[in-house]
Structures are given as C-alpha cells and as structure tokens.
Amino acid sequence: MAAKPEDILTPDLRLVAWEVTRNCNLFCAHCRSSSGDEQYPDELTTEECFRLVDRILEVGRPIIILTGGEPLVRQDVFQIADYAVGKGLRVVMGSNGTLITAEMARKMKAVPISRVGVSLDFPVARLQDDFRGQAGAFDAALAGITNARKAGIEVQINSTITQLNVGYLDDLLSLALGVGAVAFHPFMLVPTGRGKGLESVELPPGQYEQALNWIYDKQLELGDRMFFKPTDVPHYLRVVQQRQEQVKSPLPSTGHNPGNTITRGCLAGISFCFISSQGKVKGCGYLDVIAGDIRQESFSQIWFNSPLFNQLRDLSQLKGKCGLCEYKLVCGGCRARAYEATGDYLEAEPYCVYEPPAGGCLA
C-alpha cells in the first residue's frame, strides 16, 4: 500500500550527537558503547572532524552535542568544538562531569560550550559510584557541575532511569534544582552495549507510564524553573497530548532557548542523528543500525538518501499498534527499543501501555 502524504515526514536536521571518542575514564553499568579507559582504533582524526563539520553545514545548522565515551579525554576536543563554533554552530557537551576542573571549565567557556549535560543517576554517593564503576565519581561530578556553573556554563542533569533508581526521582530533581541546573533529562534505559546487563531492571510498561506522568506533573508544578526532556521515551508526547486533552491546560512555556524544545517523540533520522567516533552514522546512539559511513560517502548523501532514514521517515511502515496509533505523528515509538526487543526497528514500541482504538489511526 502506498504511503499517504501525511505519513512522510520531511527531514529537518536540528540535533547531531557526535561521539568524538569512545574512550572514557569511567566504566558505567548502562553504557551503550561499552566504553572503558582504553584507546579505541581508527577514530576520526582532527582533520576528518573539521571536514565533517563542513559536511554537516551542507545539510543544516544543527546543535552539535559532543559526547562519548567521555569527550573531555580527547586531547583535541576543544579544537573540534572551536572549529564548529567558528562556523556558526551551537555546541553543547555530554559528560560524566568528573573531569570538569576549574581550568577545564574555563576552556569550555572560552569556546564557548553553551551547555554541559552531566550524568547523575543516583543522589547517593555510594550508589552513583557503584553504577559508574569508580569510587569518588559522585563527588567529582558535583565538583564538575560547580566548576561549570562558576564559569558561566549552563548545566543540565541527565539520569538513566531503571528500577534501581526510579524511587529516587524526587531526590534527583531536588539535586538538579539545588545545583542550579536549567534542565532535567530522564533517559529511559535502552539496553544496548553494557546496558544489556540491566535488562532485568528495566521499568515495566506500567511503571514507565507512572514516571512519564510524574514528569508531566513536575513540569506543570515548576514551570520555567526547570525544563524536563524525557529521552528515549517518545510516548511521553502521547502522554502530554492525553493530559492536555483531559484538562485543556498546556505545558508552561520554556522561553526561546533552543535547547528547550520538544518537537516529537522519536527523532531518529528525522531531525536527529548520531555519528560514531569512527564516522558511522546512525539514527541514534541506541539504534545499532548503520545508515552510512562518512569516510565512504558525504554526510548529505547519507542524511537524504539512506534507506534506513527514509524508512524511519515513512510512518506507513510502522508495524503493530504503532502503525495503527493516532499518536504516531507526535510519538512514533522508540525504534531502538523495538530493535533491541524484536530485531526489527519498525516493530511496535514494546514499553508503551497504550492500545489504539479499534480501527486504528484515522489520519
């Protein structure tokens, strides 16, 4: 059956997560790249990174998220960031926070790195240290946050949520508020890489739903004091629409900061992509399917012509209840979680409790 025009999403590149290195100073339980403190072969050279920035600009002017591994262990990371900023791109960073000394924070500000997302999964030092595989990781991350804030860099808190820490959500939010974070991003675990070992503690679908409603309630309560962006859980947009339909009260405005936007649930291949340290392009870091290799073809060729990306943009190809759902335009289900659960990234989101009405989507 031919796709309807409304089923085809137009690509509009807004975010690129770029794994500048797989190397990391920690050994975290959930790590999608199974990173450790070692040198990984064949990572993009400095010159290749500069060329990649130029190729990205042929497609658009997305926000660049420098990530890893731990990006701060890469010696030329500020050269890469400075090159991208010099080309007019907004550059942010995802870090475990432990290497953000006062000097490092000053270097980040000089680029400037506009925002740093620091990963904190527990508000308790012992639990954070165990999860991150290193004693002192919690205190070092808090010190890194303090240094970033003193240097004038916005901080957001990223937390990977499982059964191990869902009971600490209120405490994690209090911690984020206490350290002056501008955003709280709960990441719902996608069990890839070393995170496969946490499959048994994934939140069951009902508990996912409770967590998403907690986030919605807290966003209403806190308004502009904190911006919430649930990640790897696209059905939050379905929850938002359902809640607004019930009470006719929209979420509060979060101003005009480009980092504070939620446009759709699953963004993979639509407005977001991931680039590995070796130049492999994917829909996201958790969807382990390669769309292309920037060493073999141009970024624009991959972005516009990749069979993977064109499939992800065609909502008529979604299977099971995701294909029937009236919220598929704003949600789309997590393609990475579907892939990990079934081996088919077009299958239904396995952790959504919602059942579309009989007859399916009327769009």
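Strand 2 and strand 3 (residues 91–95) run parallel to each other, paired over 3 bridges; two strands count as paired if DSSP finds at least two bridges between them. Within this pairing, Ile64 stands opposite Val91 in strand 3. On strand 1 (residues 15–19), the pairing with strand 2 is also in the parallel sense, over 5 bridges, and here Val16 stands opposite Ile64. Strand 2 (residues 63–67) is mostly covered, with 4 of its 5 residues buried. Buried means under 20% relative accessible area, exposed means over 50%, and partly exposed lies in between, using a 1.4 Å probe and protein chains only.

Helices (H or I, at least four residues) and strands (E, at least two) are DSSP runs, numbered from the N terminus.

## About the model

This is a predicted model, in which local features need pLDDT of at least 70 and side-chain atom pairs count only at pLDDT 80 or more, while totals for chains, interfaces and linings use all residues. Residues are numbered from 1 along each chain as its sequence is written, and side-chain values use heavy atoms, with hydrogens and water left out.

## Salt bridges

The structure holds 22 salt bridges, each a side-chain nitrogen of Lys or Arg within 4 Å of a carboxyl oxygen of Asp or Glu. One of them joins Glu48 and Arg295, with the closest N and O atoms 2.9 Å apart. Glu48 lies in helix 1 (residues 46–57) and Arg295 in the loop between strand 10 (290–293) and helix 9 (299–305), so this pair ties together parts that are 247 residues apart in sequence. Glu48 is buried at 15% relative accessible area, whereas Arg295 is partly exposed at 32%. Asp42 joins Glu48 and Arg295 in a network of salt bridges.

Two further pairs are worth a look. Lys282 and Asp288 come to 2.8 Å between their closest N and O atoms; Lys282 is buried at 13%, while Asp288 is partly exposed at 48%. For Lys196 and Glu199 the corresponding distance is 3.7 Å, and both partners are partly exposed, Lys196 at 35% and Glu199 at 40%.

## Pocket and cavities

Lys282 turns up again in the second largest pocket, where Glu19, Arg22, Arg32, Ser33 and Lys282 are the closest to the centre among 18 lining residues. This pocket has a volume of about 330 Å³, and its lining has 4 nonpolar, 8 polar and 6 charged residues. Ala, Val, Leu, Ile, Met, Phe, Trp, Tyr, Cys and Pro count as nonpolar, Asp, Glu, Lys and Arg as charged, and the others, Gly among them, as polar.

There are also 3 cavities of 30 Å³ or more. On a 1 Å grid over the protein atoms alone, a cavity is a set of points where a 1.4 Å probe fits but cannot get out, and a pocket is an open set with protein on both sides within 12 Å along at least five of seven lines; lining residues have an atom within 4 Å of a point. Grid points are joined across faces, edges and corners, and a volume is the space filled by probe spheres set on the points.
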